[in-house]
Every structure is written in C-alpha cells, then in structure tokens.
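Reader: I am new to this. Could you take me closely through one part of this model, step by step, and then show me what lies around it?

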Amino acid sequence: MRQSVIAERVCLISHILAKVFGLVGIMLVIPNAKMILNFGDVGQTAMQVSMANGGVVDIIFGIVAVSIYACRVLGWRTWLGFLIPSVLISVGSELLGTSTGFPFGDYSYLSGLGYKIGGLVPFTIPLSWFYVGLSAYLIARSGLKVAEKPTLIRHIGAIAIGALLFTSWDFALEPAMSQTAFPFWYWETPGDFFGTPYRNYAGWFGTSALFMSLAALIWGTKPIKLWRSQLVLPLIVYLSNFGFAAGLSLGDGYVIPVSLGFVLGVIPALVLWLKSSTVPTYTVDDVENAANEVAVASLKVAVK
C-alpha cells in the first residue's frame with residue numbers, strides 16, 4: 001500500500017511539473033524558437049521531439065496517477081468499470097467526429113499528442129477523457145453525497161454536474177489547443193464562439209454524460225464512499241488541467257472562455273469538494289457486515 005501511495009504521488013507531481021514545463025515552453029520557448037535552432041542539429045532535434053511528443057508525457061503521468069489512485073481507493077474492478085466505457089465511448093466519438101464532423105464539428109488533429117488511432121485520433125485523447133472525466137465525476141458524486149443517499153435524482157445530478165465540470169474544462173482548453181500559435185488540433189471552419197463551434201461543447205457534454213452514465217450502471221449499487229481528504233487528488237488533477245489550459249488561453253487574450261469555464265467548472269468543483277464528507281461515513285449495512293465478520297472470526301477462534 002505504501003509503495004502504491006508513493007508511486008501515485010510521484011506520478012501526480014510529475015504530471016503537474018510536466019504541465020508547468022509545457023506551459024512555460026509554449027509561452028516562452030516557442031515564440032523564441034530561433035535561439036534554440038541556433039544550436040544546430042541538437043536544437044532542431046529538441047524542437048522536433050518536443051513538438052511531436054510535447055503533449056504526451058504529462059497525459060501519461062496523469063493517467064498513471066489517477067489509475068493508481070482509483071485502484072487503491074475504489075478497487076480495480078471499479079477502476080475498470082469507468083476506464084473501459086470512458087475510453088471506448090470517447091475514442092468512438094472522436095473517430096466519428098474526425099471522420100464525419102458529428103458530434104463536435106469538422107476538425108483534425110495535428111502532431112504533438114502521440115500516435116494516432118486510425119491515423120485520426122491521438123491515443124492520448126481518450127485516455128485524457130478517462131482521467132479528467134473520472135476526477136470530475138468523483139467530485140460530483142461525493143459533493144452530492146450519492147453514496148450516503150443513493151436516490152435516482154442524485155445519480156442523475158452527479159452525471160449532469162460531472163459532465164458539466166468536464167465540459168467546462170474545454171472552455172479553457174479549446175482556445176489553447178486550437179487558436180494559439182502552437183495548436184494541437186484545428187477547425188476546418190472556425191466556429192462562432194472564439195473560433196470553436198457551439199456544437200463542440202454539446203458533443204463534450206453528451207459524450208461525457210454517456211460514459212459516466214454507463215459507468216454508474218456498471219458500478220450499480222456498490223457503495224463508493226469518499227471523504228474530502230480522499231478527493232484531494234481528483235481535485236488537484238482537475239484544477240491543474242484547467243490551469244494549464246487557462247494559462248495558454250489567457251496568454252493569447254481569451255478571457256471570456258476561461259472565465260466561463262472558471263464559473264461553471266472550477267467554482268462548482270471547489271464547492272462540491274467542500275460539501276463532501278470530512279470523515280468516513282458508515283451505513284447500516286457496513287455495521288452489519290462488520291458484526292458478521294467479527295462473529296465469524298470469533299467462531300474460528302472458538303473452534304481452534
């Protein structure tokens with residue numbers, strides 16, 4: 001257990017440092033690329049490697065950190081119960097989007113995010129949907145206390161708010177990734193909302209709500225109780241990813257999209273985190289199960 005916690009923290013710190021390094025690199029180094037290219041072949045190689053794989057490293061660290069966390073806190077079956085639908089549905093949605101324009105609009109990916117599935121979608125994209133999506137959904141579930149009061153309304157509310165948090169990240173992400181000097185994707189026809197089509201956000205919300213709903217069905221009635229201290233990693237992951245995108249977008253003057261994402265995403269995430277339970281909560285079933293375990297253990301001791 002201790003080793004997994006250490007690995008989780010190392011990957012989380014590496015994820016954040018990679019975000020900071022990437023932010024500084026894109027905002028300061030890329031605009032002054034001539035200085036690096038003056039170093040000859042070494043400078044050219046460094047530029048090519050960073051531009052071809054610059055977005056991969058921090059995403060990999062994020063995926064590993066969240067996966068270790070999910071296996072340790074939720075259990076590996078619960079982790080797979082979210083990983084599989086989120087990756088399959090998001091990669092299907094992205095492949096459909098890059099091929100037909102539905103549901104996001106007409107767009108294409110450039111280099112910088114790793115190997116492309118089918119030559120269209122970088123493999124890191126569906127994985128980033130997983131780890132940021134899980135973080136957003138856990139924050140929403142815990143803030144609404146779905147485990148303590150598992151009503152249908154609370155389940156639907158957690159999915160809707162989780163999808164809203166996830167989509168709010170994209171308000172800051174889109175200008176940073178498609179409208180700045182170093183884009184990772186581009187729109188065939190720029191949309192009306194600061195270069196992004198409005199339907200893109202509907203696509204983000206619908207896709208994330210779909211895989212969160214499927215994950216909720218897979219999880220079923222399993223009690224997933226997380227208190228505030230256990231939500232620190234999901235909150236940090238959500239805020240650091242939003243902060244990276246916001247930094248790039250604000251650097252190019254996209255104040256309104258970032259502000260909208262902050263109001264609809266960051267503030268609700270913080271409020272939900274504060275509303276989550278501060279101590280472990282126990283249901284009647286937990287008490288009965290514990291009593292049964294004690295009784296069985298006592299019986300075994302008596303037999304011996």
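Author: The side chains of Ser178 and Gln179 are joined by a polar contact of 3.2 Å. The model is a predicted one. The side chain of Ser178 also reaches back to Glu174, where the backbone oxygen is 2.6 Å away. Now look further off in sequence. Setting aside neighbours within four places, Ser178 is in contact with Pro183, Trp185, Trp187 and Thr196.

Is Ser178 buried or exposed? Its relative accessibility is 10%. Buried means under 20%. Ser178 therefore counts as buried.

Ser178 belongs to helix α7. Step back to that helix. Of the 27 residues of α7, 20 are buried, so the rest of the structure largely encloses this helix. What is its span? From first C-alpha to last, α7 reaches 38 Å. At 1.5 Å a residue, 39 Å is expected, and the value is close to that. There is also a kink in α7, of about 40 degrees, at Ala172. The proline Pro175 follows shortly after Ala172.

Next, helix α10. α7 is among the elements that cover the buried residues of α10, and α6 and α9 are others. Which residues of α10 are buried? They are Pro257, Val258, Gly261, Gly265, Val266, Ala269 and Leu272. α10 runs over residues 255-275, which makes 21 residues. At 1.5 Å a residue, this helix should span 30 Å. Its end C-alpha atoms are 29 Å apart, so the two values agree. α10 has a kink of about 40 degrees too, centred on Phe262.

Now the loops. Lys145 sits in the loop between α6 and α7. Its phi is positive, about 55 degrees, although Lys145 is not a glycine. With 25% relative accessibility, Lys145 counts as partly exposed.

Phe194 is in another loop, between β4 and α8. Phi of Phe194 is near 50 degrees, again a positive value in a residue other than glycine. Phe194 has 33% relative accessibility, so this residue counts as partly exposed.

Look at the peptide bond from Phe102 to Pro103. This bond is cis, with omega near 5 degrees.

How values were computed:
Residues are numbered from 1 along each chain as its sequence is written. This is a predicted model: local features need pLDDT of at least 70, side-chain atom pairs count only at pLDDT 80 or more; totals for chains, interfaces and linings use all residues. Side-chain values use heavy atoms; hydrogens and water are left out. Helices (H or I, at least four residues) and strands (E, at least two) are DSSP runs, numbered from the N terminus. The expected span of a helix is 1.5 Å times one less than its number of residues. The bend at a residue is the angle between axes fitted to the seven residues ending there and the seven starting there. Buried means under 20% relative accessible area, exposed over 50%, partly exposed in between (1.4 Å probe, protein chains only). Contact means heavy atoms within 4.5 Å. A polar contact is a pair of N or O atoms within 3.5 Å; within protein, one must be able to donate a hydrogen and the other to accept it, and residues adjacent in sequence count only if both atoms are side-chain atoms.
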